[in-house]
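Please look over the sequence and the model shown here before reading on.

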Amino acid sequence: MYKFRLYVTAKTQKSKKPIDELKKLLENEFANEYSLEIINVFDNLKLAESDKILATPTLIKLFPPPPRRIIGDFSNASKVMFGLGLKHITEKK
């Protein structure tokens, strides 16, 4: 089971696009074998601080280790997967 945490600044129209892109990517790559936690930085400042969030949107792959993070656009699936250290998964498909 893959675990991801996505930080956004608010659940607004501006944050909706990266959330939708990410959900589509995760569903295509992992079907039902993942969990995605969406955190509004303003609602959970302590968690964002402990995860050292400097910009949004920030995606963190929590499991499997090692943790990896990417910031920004999630529209290019191969770049996202490579950034998360999961490139080998897309190569098998």
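Which residue in S3 does Tyr 7 stand opposite?

## A pair of strands

In this predicted model, Tyr 7 stands opposite Thr 58, which belongs to S3. The two strands concerned are S1, covering residues 2-8, and S3, covering residues 58-63, and they pair in the antiparallel sense over 5 bridges.

## The sheet as a whole

S1 and S3 belong to an open sheet of 4 strands, whose order is S2-S1-S3-S4 and whose pairing is mixed. At the edges are strand S2 (34-40) and strand S4 (68-71), each of which pairs on one side only. On average, and with direction ignored, neighbouring strands of this sheet are turned by 20° against each other.

## A helix across the strands

Helix H1, made of residues 13-30, lies across S1, S2 and S3, and its course runs at about 170° to S2.

## The nonpolar cores

The largest nonpolar core has 16 residues, and those with the most contacts inside it are Phe 4, Leu 6, Leu 26, Phe 30, Leu 59, Phe 74 and Leu 84. The elements that give two or more residues to this core are S1, H1 and helix H3 (77-83), and H1, the helix that lies across S1, S2 and S3, gives the most, with 5 residues.

Another core, of 6 residues, lies apart from the largest one, and among its members are Ile 39, Val 41, Ala 48 and Ile 53.

Terms used
Residues are numbered from 1 along each chain as its sequence is written. This is a predicted model: local features need pLDDT of at least 70, side-chain atom pairs count only at pLDDT 80 or more; totals for chains, interfaces and linings use all residues. Side-chain values use heavy atoms; hydrogens and water are left out. Two strands pair if DSSP finds at least two bridges between them. Axes are lines fitted to C-alpha atoms, for helices over the stretch in contact, and angles run from 0 to 180 degrees between N-to-C directions. Contact means heavy atoms within 4.5 Å. A nonpolar core is a set of buried Ala, Val, Leu, Ile, Met, Phe, Trp, Tyr and Cys residues joined through side-chain atoms within 4.5 Å. Buried means under 20% relative accessible area, exposed over 50%, partly exposed in between (1.4 Å probe, protein chains only).
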